2 protein chains.
Amino acid sequence: MTILARVARRYLLPLFLLMAIAPSAQGTEVLASWNEGEAKQSIVRFVESVTKEGSADFVPVPERIAVFDNDGTLWGEQPMYFQLLFALDRVKALAPQHPEWNTQEPFASLLKGDVKAALTGGEHAILEIVMAAHSGMTTDEFEQIVRDWFASAKHPKTGKPYTEMIYQPMLELLDYLRANGFKTFIASGGGIEFVRVFSEQVYGIPPEQVIGSSGKMKFELKGDQMVLNKLPEVDFIDDKAGKPVAIQKHIGRRPIAAFGNSDGDLQMLQWTCAGPGRRFCLYVHHTDAEREWAYDRQSSIGRLDKGLDAAADSGWTVVDMKKDWNRVFASEK
Amino acid sequence: MTILARVARRYLLPLFLLMAIAPSAQGTEVLASWNEGEAKQSIVRFVESVTKEGSADFVPVPERIAVFDNDGTLWGEQPMYFQLLFALDRVKALAPQHPEWNTQEPFASLLKGDVKAALTGGEHAILEIVMAAHSGMTTDEFEQIVRDWFASAKHPKTGKPYTEMIYQPMLELLDYLRANGFKTFIASGGGIEFVRVFSEQVYGIPPEQVIGSSGKMKFELKGDQMVLNKLPEVDFIDDKAGKPVAIQKHIGRRPIAAFGNSDGDLQMLQWTCAGPGRRFCLYVHHTDAEREWAYDRQSSIGRLDKGLDAAADSGWTVVDMKKDWNRVFASEK
């Protein structure tokens with residue numbers, strides 16, 4: 001292929017495709033699932049100011065980095081983190097290979113169907129369940145296990161597949177930022193390998209732009225093949241003060257916009273908005289018990305307490321889901 | 001700006017710019033610093049096969065991931081790793097604040113000008129020097145220190161700035177891959193924060209596509225600001241069996257092409273080329289004592305011993321720098 005042909009394919013083809021859809025795209029409102037109001041306006045004001053060439057707030061494209069928490073920010077997190085529901089299912093599937101679990105907590109309670117009793121052991125119990133579900137296989141095998149789970153698992157309250165419990169307004173926000181030259185990253189307290197299985201298809205975020213908590217891995221021979229084995233050992237917890245550290249490790253550049261929903265995201269927002277120049281920090285506040293869930297300062301999952309105070313002190317945007325979103329889940333038309 | 005105007009700016013402008021240079025670009029040979037021969041041909045064959053739509057070897061754009069070692073693969077690494085030369089300079093600059101170093105090895109020898117004696121302590125001595133140079137400051141401060149060093153430091157043999165000791169044929173290879181839809185990453189045994197300071201300007205590789213060895217960091221208050229402090233503790237060594245692990249952590253997808261020059265890159269090449277479908281692995285063999293350096297099986301820096309055997313066994317491409325490159329450094333015309 002000549003260079004001109006390659007240029008034509010690379011630039012003309014997308015151009016024609018875009019021109020073909022442009023009339024309808026022009027008719028479609030940006031951020032359509034966001035009601036008019038301060039939350040939506042603050043997003044648009046920020047994006048317009050950092051993309052306007054010649055403006056004092058202008059930010060070059062390579063520095064337009066936006067980071068998003070996942071649980072409770074891009075998709076639901078009640079009645080418990082979806083990845084924990086995956087781990088519970090996985091422990092049940094593995095039980096026949098582990099007769100010792102019948103008498104060993106937290107597995108014994110879990111296998112008797114008493115999830116609440118299983119989780120009374122707190123973080124330690126959760127860690128044991130998560131480790132049992134997330135190690136002892138190769139990275140390729142784990143990806144397939146998660147993929148299979150998503151294909152059949154349903155949310156206990158809504159009955160929807162988990163990948164349909166993503167927030168339509170946040171999808172539109174991701175699109176809007178990318179259309180304006182932003183590179184969008186996930187910085188999740190959840191497992192990096194778990195989120196990567198669906199992030200590209202569901203959010204348009206490729207695996208290399210996903211940051212999360214991780215277990216250790218080992219490169220070793222399995223049979224006659226070199227594999228990456230997942231070990232039952234924590235490598236990094238991407239939560240609270242770990243988030244700025246993980247963002248620096250993975251991106252190496254301070255984001256200019258950050259989006260979260262809980263106190264676990266507070267340090268990520270602080271780090272982002274403490275940088276020089278124009279910055280944007282946003283909290284999603286779960287206020288809609290009817291269409292989703294309503295929780296904040298007292299919740300054990302996704303607690304938003306210090307974060308609400310910090311947002312008020314710092315002038316960050318707080319999204320009131322009930323008031324600011326005219327549609328919640330992407331699966332609802 | 002209307003959507004059409006935005007489309008025009010995003011696609012038409014680059015197109016016109018490219019068309020303006022197309023006549024000369026067409027006249028310019030791809031991989032111009034590579035002599036005709038098996039090395040160059042094997043690269044072109046691979047790229048053409050994975051980018052040809054409808055071919056059995058076709059790979060979709062998001063999966064076109066290529067990883068490059070840095071020291072000895074993209075730039076020089078003799079008489080010692082350039083980052084170690086930075087660390088030596090840094091220890092000298094810090095010495096007035098550390099009177100205890102006058103009697104404490106490896107610092108005492110180093111400050112007397114006897115680098116060889118300082119390094120007789122082996123890996124432990126090197127680690128102490130590197131830690132002294134790479135911790136005790138914020139990430140922002142470290143970036144500035146490295147930037148300042150690059151602006152004035154000169155290579156002890158060539159007298160060139162270090163950023164001019166990059167290999168022109170490898171720059172052309174990076175460009176060629178990117179022009180064919182590849183995303184290019186660095187996976188360096190060197191420090192991730194060190195390489196990121198120059199990777200975007202010198203290689204066109206943004207910080208989020210740099211993987212490397214790292215020290216631990218802590219998010220904390222310094223004065224009235226939240227900062228990321230660099231701690232004197234190793235977080236991860238991105239070498240040998242660590243490279244596939246770090247690649248999985250950062251990219252989450254197995255590369256389809258890998259480029260290295262030493263036994264430290266062997267596992268990265270094994271992991272890459274053991275994947276399904278068409279793959280490409282390449283070793284740069286330092287064979288040119290006149291224009292660069294000649295070393296392989298016996299060298300303490302950049303030893304290429306097991307790797308040479310594996311390349312022969314596996315049919316990987318081995319670049320003979322003397323024979324395959326008509327130009328070595330980007331700074332030579």
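This report describes selected features of a predicted model, moving from domains to helices, loops and backbone geometry.

## Domains of chain A

Chain A falls into two domains. Domain 1 comprises residues 32-79 + 157-324, and domain 2 comprises residues 82-152. Taken over C-alpha atoms, the centres of domain 1 of chain A and domain 2 of chain A lie 26 Å apart. To the contact, domain 1 of chain A contributes 23 residues and domain 2 of chain A contributes 19 residues.

Between them, domain 1 and domain 2 of chain A bury about 1,900 Å², and 73% of this area is on carbon and sulfur atoms. On the domain 1 side of chain A, the residues that lose the most area to domain 2 of chain A are A:Tyr162, A:Phe194 and A:Lys230, which together account for 39% of what that side buries.

A:Thr138 is located in the loop that runs between helix 6 (122-134) and helix 7 (139-152) of chain A. The relative accessibility of A:Thr138 is 5%, and because buried means under 20%, A:Thr138 counts as buried. Apart from its neighbours within four places in sequence, A:Thr138 is in contact with A:Lys222, A:Val227, A:Leu228, A:Asn229 and A:Lys230. Of these contacts of A:Thr138, A:Lys230 is also one of the residues of domain 1 of chain A that lose the most area to domain 2 of chain A.

A:Ala151 belongs to helix 7 of chain A. With a relative accessibility of 69%, A:Ala151 counts as exposed. A:Ala151 and A:Gly275 are separated by 124 residues in sequence and by 41 Å in space, C-alpha to C-alpha.

## Helix 10 of chain A

Helix 10 of chain A spans residues 242-250 and is mostly covered, with nine of its nine residues buried. The buried residues are A:Gly242, A:Lys243, A:Pro244, A:Val245, A:Ala246, A:Ile247, A:Gln248, A:Lys249 and A:His250. Just after helix 10 of chain A, the backbone at A:Gly252 adopts a positive phi of about 75°.

How do the axes of helix 10 of chain A and helix 9 of chain B cross? They come within 10 Å and cross at roughly 55°, where helix 9 of chain B covers residues 192-203. Helix 10 of chain A is therefore oblique to helix 9 of chain B. From helix 10 of chain A, the contact involves A:Gln248, A:Lys249 and A:His250, while helix 9 of chain B supplies B:Ile192, B:Glu193 and B:Arg196. By class, the residues of this contact divide into one nonpolar, two polar and three charged.

In chain A, the loop between strand 4 (225-236) and helix 10 holds A:Lys240. A:Lys240 has a phi near 50°, a positive value in a residue other than glycine. At 43% relative accessibility, A:Lys240 counts as partly exposed.

In chain B, B:Ile237 lies in the loop between strand 4 (225-236) and helix 10 (242-250). B:Ile237 is partly exposed, and its relative accessible area is 48%. Not counting residues up to four places away in sequence, B:Ile237 touches B:Ser213 and B:Gly242. B:Ile237 and B:Ile256 are 19 residues apart in sequence, and C-alpha to C-alpha they are 23 Å apart in space.

## Backbone exceptions

Most residues other than glycine have a negative phi, and most peptide bonds are trans. Against this background, B:Leu31 shows a positive phi near 55°. B:Leu31 sits in the loop between helix 1 (3-27) and helix 2 (38-51) of chain B. B:Leu31 is buried, with a relative accessible area of 3%.

Which residues of chain A does a cis peptide bond join? They are A:Glu105 and A:Pro106, and omega is about 5°. A:Pro106 is placed in the loop between helix 3 (82-94) and helix 4 (107-111) of chain A. In chain B, a cis peptide bond joins B:Glu105 and B:Pro106, with omega of about 5°. The position of B:Pro106 is in the loop between helix 3 (82-94) and helix 4 (107-111) of chain B.

Methods: Residues are numbered from 1 along each chain as its sequence is written. Chains are lettered from A and ligands numbered from 1 in the order in which they are written. This is a predicted model: local features need pLDDT of at least 70, side-chain atom pairs count only at pLDDT 80 or more; totals for chains, interfaces and linings use all residues. Side-chain values use heavy atoms; hydrogens and water are left out. Buried means under 20% relative accessible area, exposed over 50%, partly exposed in between (1.4 Å probe, protein chains only). Helices (H or I, at least four residues) and strands (E, at least two) are DSSP runs, numbered from the N terminus. Axes are lines fitted to C-alpha atoms, for helices over the stretch in contact, and angles run from 0 to 180 degrees between N-to-C directions. Angles under 35 degrees count as roughly parallel, over 145 as roughly antiparallel, 65 to 115 as roughly perpendicular and the rest as oblique. Contact means heavy atoms within 4.5 Å. Ala, Val, Leu, Ile, Met, Phe, Trp, Tyr, Cys and Pro count as nonpolar, Asp, Glu, Lys and Arg as charged, and the others, Gly among them, as polar. Domain bounds come from an automatic or database domain assignment. Buried area is the accessible area (1.4 Å probe) that two parts lose on being put together, summed over both.
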